[in-house]
Every structure is written in C-alpha cells, then in structure tokens.
Amino acid sequence: MLVVGDSLTDDLQSWAEILRHVLHEIRPADDIEVVNAGLSAHSSAMVLRRWPSMLHPAPDWIICGLGGNDITRVAGGKPMIGLSESVANLHEMHRIAAERTSARWLWLTPAPLIEQRIAGYPPFRFGSATWRNEDCVRLADAIAGFGDPVVDLVRLFGVPAHPDLQGPDGVHPTLAGQRTITRAVVETLARLSG
C-alpha cells in the first residue's frame with residue numbers, strides 16, 4: 001500500500017502511521033506493508049515529478065492525499081497551483097500509475113482549515129503564507145468527481161474545521177484529527193475490500 005501526501009501524511013503521528021499500526025494489529029497474518037511516501041511542503045506538481053520512481057515496487061493500493069500545498073497563497077496572492085492544474089496533476093498521477101500498476105485508488109480531499117489560527121500563527125505570518133477554505137472546498141469537490149473512492153475530509157472536519165480536529169496553526173490536524181482521518185480510511189478500505 002503506497003500512501004502519498006504532504007505534511008498531513010509526513011508525520012510520525014499521521015493518519016498513515018496510525019493506519020500502519022492498525023493494519024498490523026487487526027491483520028497481522030496478512031503482513032500488509034504501508035509505505036508512507038508523504039513529503040512535507042510538497043505540491044501535486046512536485047510529487048508528479050518523482051511519481052514514476054515511487055511506483056516501484058508496484059503497490060496494490062494507492063492512497064493519495066495531495067493538494068493542501070497547491071492551495072497555499074503567498075502574500076495574499078493566487079493559490080500556488082490553480083485548480084485546473086492541480087486536477088490535471090492528480091489525473092496525470094492516476095494515468096501513470098494505471099499504466100505501470102494494477103493498484104486501486106483511494107483519494108483524500110484536503111483538510112478544511114481554521115483561517116483565524118492561520119492568520120495568527122507566527123511562522124505563517126513571517127512567510128506571508130495563508131490558506132482559504134473556499135480553495136479547499138473547490139479542490140475537494142473536484143477530487144470527489146474523479147470516479148474513484150474518496151475520503152471527504154470536508155465532510156469529516158466541517159468548514160471551518162472543528163477546533164478539536166485542527167492544530168494551533170489551523171492547517172495541520174491534531175492527533176484527534178489524524179485519528180478521525182484514519183478511522184474514515186479504515187472504514188472505506190473495509191467497505192471496498194469486503
């Protein structure tokens with residue numbers, strides 16, 4: 001199982017790491033390997049550049065949670081990667097994987113934010129970085145239309161995100177948020193595999 005994402009995934013307490021532990025506990029005989037290929041601060045374009053090399057060995061499942069960095073805005077400007085380009089990058093990743101593997105896909109939408117926390121977080125203020133829930137929702141809606149199974153974090157977290165699910169910076173989920181994501185991923189995989 002290949003898990004790809006950004007800093008929500010690339011964390012020792014991320015949903016992907018919790019998923020690895022859960023699968024080991026509930027299905028130890030199956031020896032399911034979860035490869036956490038999350039890359040903090042990476043956009044869909046940055047992951048697309050190295051995507052073919054990430055498909056070796058070929059996974060049975062790909063769980064993709066990219067897009068949160070695509071919608072980053074710097075100094076109040078436009079999103080770093082526009083919606084149509086984000087969607088094109090994600091479709092291209094899917095195309096490449098379909099040519100090289102028989103992996104099944106599960107998408108995670110970006111997680112909704114708490115914009116007031118973002119505005120008050122010193123590192124984001126220093127770097128003039130911000131995120132908007134409207135961008136998050138637009139990308140989530142596009143991902144929901146891909147035709148593959150989706151874990152909709154907009155539905156799970158709410159807009160704005162429930163305060164207990166988002167951390168002090170307003171962008172990165174708390175451990176409760178990570179557990180919420182994991183639960184939804186496990187339930188979706190169980191439904192798809194059963």
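The following dialogue explains how several descriptions of this predicted model are reached.

Modeller: In this predicted model, local features need pLDDT of at least 70 and side-chain atom pairs count only at pLDDT 80 or more, while totals for chains, interfaces and linings use all residues. Residues are numbered from 1 along each chain as its sequence is written, and side-chain values use heavy atoms, with hydrogens and water left out.

Colleague: Why is C64 called buried?

Modeller: Buried means under 20% relative accessible area, exposed means over 50%, and partly exposed lies in between, using a 1.4 Å probe and protein chains only. C64 has 0% relative accessibility and therefore counts as buried. C136, also at 0%, is buried, and V4 is buried with a relative accessible area of 0%.

Colleague: What is in contact with V4, leaving aside its neighbours within four places in sequence?

Modeller: Contact means heavy atoms within 4.5 Å. By that rule V4 is in contact with residues including A37, W51, I63, C64 and M93. V4 is found in strand β1; strands (E, at least two residues) and helices (H or I, at least four) are DSSP runs, numbered from the N terminus.

Colleague: What makes a set of residues a nonpolar core?

Modeller: Such a core consists of buried Ala, Val, Leu, Ile, Met, Phe, Trp, Tyr and Cys residues joined through side-chain atoms within 4.5 Å. The largest one has 31 residues, of which W51 and M93 touch the most other members. Helix α3 gives the largest share, five residues. A second, separate core of 23 residues includes V3, W15, L23 and L153.

Colleague: How is the packing of helix α3 with helix α6 described?

Modeller: Two packed helices are described by the angle between their axes and the distance between the axes. Axes are lines fitted to C-alpha atoms, for helices over the stretch in contact, and angles run from 0 to 180 degrees between N-to-C directions. For α3 (residues 83–100) and α6 (residues 133–144), the angle is about 35° and the axes are 10 Å apart.

Colleague: Which residues of α3 and α6 meet?

Modeller: L83, S86, V87 and L90 in α3 meet R138, L139, A142 and I143 in α6.
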